[in-house]
Amino acid sequence: MSGQDPIAAFRVEAGDLLDQIEHGLLDLTGRLDDRELVDEVFRGLHTLKGSGAMFGFDALATFTHHCETAFDRVRKGLAPATQELVAVILSARDHMRLLIDGDQDQATGDAILARLQAAIDAAGGVPDTGTAPIEQPAAGDRPASKSGWRLRFRLPADAMANGTNPLMLLDELRDLGDCAVRALTDRIPPLADLAPAENHVGWEVELRGDVPMSAIEDVFIFVMDDMELACEPLAAEQEEALTDVPPPLAAAAEVAPPPARAAAAAKADESVRVPAERLDELMDRVGELVIAQSRLSQLAQGSGHDMVLRSVSEEIERLAGELRDTMMVLRMVPVASLFNRFRRLVHDLSRETGKSIELLTEGEATEVDKTVIERLADPMVHLIRNACDHGLETPDQRAATGKHSTGTVRLSAHQAGGEVVITIRDDGRGIDRDRVRAKAEAQGLIQPGQVLADQDLLQMIFHPGFSTAARVTNLSGRGVGMDVVKRTIESLRGAIDVASVPGKGSTITLRIPLTLAIIDGLLVRVGSGRYVIPLAAVEECLELSLEQDLRSRGRSFITLRDSLVPFLRLREMFATGTKPDAFQKIVVIATGTERVGLVVDQIIGSHQTVIKSMSALHHNVTTFAGATILGDGGIALILDVAQLVDIGRNQEERLRAAG
Amino acid sequence: MTASILTVDDSPSLRMAIRIALTGAGYAVTEAGDGVEGLQKAGDSQFDLVVTDLNMPNMDGLTMIREMRKLSAYCGTPIIFLTTESDDAMKAQAKAAGATGWLVKPFVPDQLIRVARKVLGR
């Protein structure tokens, strides 16, 4: 979506600019001599031209350039604003819209420019109708010197204050070829007269190599106009002679060290920049290490009384754990980087919908794995669009129900255990249950008149193709529905929940694991297969006694502290074909408020799980979130908690329906 | 230490293009939408480089550069301005205001990165 695509952003922005230009022009018709309006329109045209040219909208840039030039005359007071001029630029503005959409018609554009010319002529002036000038690098090949150059240069006194670092210029010269640098200290004033921020040193540089003059000019491009620079080609014999000269004063450059240099050097030690992919590679290695470490632990435990091996193994276990934790921290970034992207979005939505919307954020400092952040962006854009477009009412509607005319969308993030919880809350009209029901019935998702719990009814919005917008606006209702959002969140091993109070607003809650690569898991055995349950989802483990087992046949519910919890017999689900162990265990897992028990044969213990995704052949398998390699080299599948809870819920529904 | 860059422009798409180019080159980028915001953010934290548009609402680039140079923390910090045409008069004004260098729009990301490397030396 628009998060990372400047061209898409430009289109949105161009729309805003055209609106700004239009409003300005319309206001201008009533107040032809309002300087501020003239400035505003000019600025709109100017930005549209500049950004258009940046993003390859050349026809737009050229066309807008003519209008800007004409309008610049008004701005500079060279020509008065006339009704005709305003009218022409208004129609030019409509033409710009077409140019942005790629529907241009050359003849129309030319006709408008001709009218523009006429309007300017009538107003008393001749616009410059040259095309948008684009800077050409100074042409003309200067003589190159095969041997090199002797340069003498002095920078303007205020060069350093204005951000030019002479040492960097010298570094750039060194990049061109071998340099012998000598400081010219003759103009350093006596200490009493010395202005410390000014630059009093000049340099003489013998630059050896086949360097074109233009390359030297490039080095000095920003200071060229104000500096003294003398260049003379080095003669071949001079070059010879130079090699005998003792290495020229390397220290010369240190004569007037700019204060910034030392500070920069000190700073440079504090951190290093690392490309993201190297971090990913390192993460993989740490993952492999964790696997190897757990194999070692198993060997050590099986070794009986080899205390030396055991102590080494424990040491390595501790180190691997710490390494993993450190690695995790390296990958964490604050969600502020995510939330900040939405300011512009809400602003645009506010404009497009004509609603007054305020975006509030909290918990921006909460840190999440960077890949999670990246993958959350799109679903959140969709959820925020929904909140603004469907959730919030127009100012009139809000006023009618006694609400503040400005609607709010509140983003918040906080960490809860191994998860980060992100909520998107609006104070709009809430989800219209009747409409959801009508739509669900129309789509055949539920039977007409079927009794549904409120929460279950709200869940309907996550069905594919479901959209309650009565009218498809240009913002939402584009077919990417809540089902896509839900799938994306679940692919992050997260969960999405919706709550809504009619008239008060809706809250979408996303629960996302902090990291995707390594989790703490509970290793269990079902039949002869081993499986990993993410430990963060495990609430408790209990024994399923034989009598409880028999009593619950066919119902698959247990009573857990006065509440009924559905459970799934994994042995049956996975068709292991084995006899159950005498003492089966129930692992109770939960997402949000929902719980389900999983009946397993044996609970083996906790296991640091490096998640490997499953192959494309298995993308239909929904009960598993991935696989991992065990300490003994065997493979265990990782259970998908969200899916299992869903299955448990359906089971509960069936039971309720059956009475 | 990642060099931090403040980009000041009233055009969000341009800011985004600048941010993407510079972030891709390994810099940390902060955005501001006009001279007032730019000056405020510059006061909040120390940036290693400022890239600013000249024509902006509320406070234009020239004024912002002059004000920044008054801050002791920004005496010596490179400030690059963006200019739509190679307008020599504007260039001279911006340089007199204290700008270090300029970049002519439209530019490609490489040109921007080259200028950043040039003035930052990294």
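A:Ala575 is found in the loop between helix 20 (570-573) and strand 17 (584-591) of chain A. Helices (H or I, at least four residues) and strands (E, at least two) are DSSP runs, numbered from the N terminus. The model is predicted: local features need pLDDT of at least 70, side-chain atom pairs count only at pLDDT 80 or more, and totals for chains, interfaces and linings use all residues. Residues are numbered from 1 along each chain as its sequence is written, chains are lettered from A and ligands numbered from 1 in the order in which they are written, and side-chain values use heavy atoms, with hydrogens and water left out.

A:Ala575 has a positive phi of about 45°, although it is not a glycine. A:Ala575 is exposed, at a relative accessible area of 62%. Here, buried means under 20% relative accessible area, exposed over 50%, and partly exposed in between (1.4 Å probe, protein chains only). Chain A holds 21 helices and 21 strands. Of its 659 residues, 46% count as buried. Contact means heavy atoms within 4.5 Å. In chain A, 70% of the contacts with a separation of 6 or more join residues 24 or more positions apart.

Chain B has a mean pLDDT of 88, and 98% of its residues reach 70 or more. pLDDT is the predictor's confidence in each residue, from 0 to 100. For the complex, the predictor gives an ipTM of 0.85 and a pTM of 0.43. Five helices and five strands make up the elements of chain B. From the N terminus on, they run β-α-β-α-β-α-β-α-β-α. Of the 122 residues of chain B, 61% count as buried.

Helix 3 (residues 61-70) and helix 4 (residues 88-97) of chain B pack at an angle of about 20°, with their axes 8 Å apart. Axes are lines fitted to C-alpha atoms, for helices over the stretch in contact, and angles run from 0 to 180 degrees between N-to-C directions. The two helices are therefore roughly parallel to each other (angles under 35 degrees). Helix 3 of chain B contributes B:Leu62, B:Ile65, B:Arg66 and B:Arg69 to the contact, and helix 4 of chain B contributes B:Gln93, B:Ala94 and B:Ala97.

Two loops of chain B stand out for their backbone geometry. B:Asn58, in the loop between strand 3 (49-53) and helix 3 of chain B, has a positive phi of about 65° although it is not a glycine. B:Asn58 is exposed, with a relative accessible area of 66%. The peptide bond from B:Lys105 to B:Pro106 is cis, with omega near -5°. B:Pro106 lies in the loop between strand 5 (101-104) and helix 5 (109-120) of chain B.

Conventions
Parallel < 35°, antiparallel > 145°, perpendicular 65-115°, else oblique.
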